Amino acid sequence: MASSSTSPLGLTGRRVAVYPGSFDPVTCGHLDIIRRAAKQFDHLIVAVLNNTSKKPLFSVEERKELLADVTKDLPNVTIDSFRDLLVHFMKSREAHVIVRGIRSVTDFEYEIQMASTNHQLDDDIETIFMMTNPKYSYLSSSIVKEIAMFHGNVQDLVPPEVQAALIAKFSE
Ligand code: ADP
């Protein structure tokens with residue numbers, strides 16, 4: 001009669017979620033989603049998309065290093081990258097949940113298309129949306145790069161490690 005499971009509901013599976021994106025570079029908006037998502041899952045994999053068609057400012061390795069730096073206090077978060085279909089990456093990591101952030105109606109329209117496509121490719125995969133922190137609803141990596149390119153102050157928009165990397169990049 002008694003179950004040996006540690007969970008009162010008898011649930012044994014670990015809940016692994018993947019937060020995919022370009023993160024070129026990671027902003028305070030991304031970090032807010034990472035922190036909140038990490039509380040909801042046993043394990044969160046932040047996965048940098050290695051997109052060969054875009055010309056990024058930071059290499060995949062640099063983006064991963066920055067992400068690792070700014071999440072080092074979160075023990076259940078790991079950083080990874082992928083260049084193949086997201087659903088293939090999810091399978092290889094035994095993950096079933098995709099986390100995405102929503103800032104606006106424009107984000108929503110794009111995201112619903114991506115979520116439906118991924119679900120169509122693998123119906124075991126669900127996408128979960130987290131609303132942006134209103135403080136960061138206007139914030140994107142592109143805006144940050146534009147400000148930093150002209151030596152504007154990005155102090156409140158990105159973590160200090162990212163600010164230092166942007167300053168270094170644009171003084172090269
Ligand atoms: P993309 O995948 O379009 O290149 P990003 O890498 O910038 O986008 O973002 C990855 C995810 O983080 C997306 O779901 C995006 O909507 C979300 N995101 C980006 N900036 C913010 C923000 N300021 N607040 C909440 N979510 C965000």
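Predicted model: local features only at pLDDT ≥ 70, side-chain atom pairs only at ≥ 80, totals over all residues.
Of its 43 lining residues, Pro20, Gly21, Ser22, Lys54 and Arg100 are the closest to the centre. Around the ligand itself there are 17 residues, of which Tyr19, Ser22, Gly101, Thr132 and Tyr136 are the closest.

**Pocket lining**

- Two or more lining residues come from each of β1 (16–21), α1 (28–40), β4 (97–102), α4 (105–121) and α5 (141–149).
- The element that gives the most to the lining of the largest pocket is α4, with 8 residues.
- Sorted by class, the lining of the largest pocket consists of 18 nonpolar, 14 polar and 11 charged residues.

**Ligand contacts**

- Tyr19 places a polar side-chain atom 2.6 Å from an oxygen atom of the ligand.
- For Ser22, a backbone N or O atom lies 2.6 Å from an oxygen atom of the ligand.
- The side chain of Glu111 has an N or O atom 3.4 Å from an oxygen atom of the ligand.
- The ligand taken alone exposes 550 Å², and the protein buries 88% of that area.

**Shell around the ligand**

- β1, α1, β4 and α4 are the elements that give two or more residues to the shell around the ligand.
- By class, 6 nonpolar, 6 polar and 5 charged residues make up the shell around the ligand.

**Backbone geometry**

- Most residues other than glycine have a negative phi, and most peptide bonds are trans.
- The peptide bond that joins Asp24 and Pro25 is cis, with omega about 0°.
- Glu94, a residue other than glycine, has a positive phi, near 50°.
- Glu94 is placed in the loop between α3 (86–92) and β4, and β4 gives two or more residues to the lining of the largest pocket.

Definitions and conventions. Residues numbered from 1 in each chain as written. Heavy atoms only, no water. 1 Å grid on protein atoms, 1.4 Å probe; cavity = no way out; pocket = protein on both sides within 12 Å on 5 of 7 lines; lining within 4 Å. Helix = DSSP H or I, 4+ residues; strand = E, 2+ residues; numbered from the N terminus. Nonpolar A, V, L, I, M, F, W, Y, C, P; charged D, E, K, R; others polar. Near = heavy atom within 4 Å. Polar contact = N/O pair within 3.5 Å; in protein donor to acceptor, adjacent residues only side chain to side chain. Areas by Shrake-Rupley, 256 points an atom, 1.4 Å probe, with all protein chains shown as cover.
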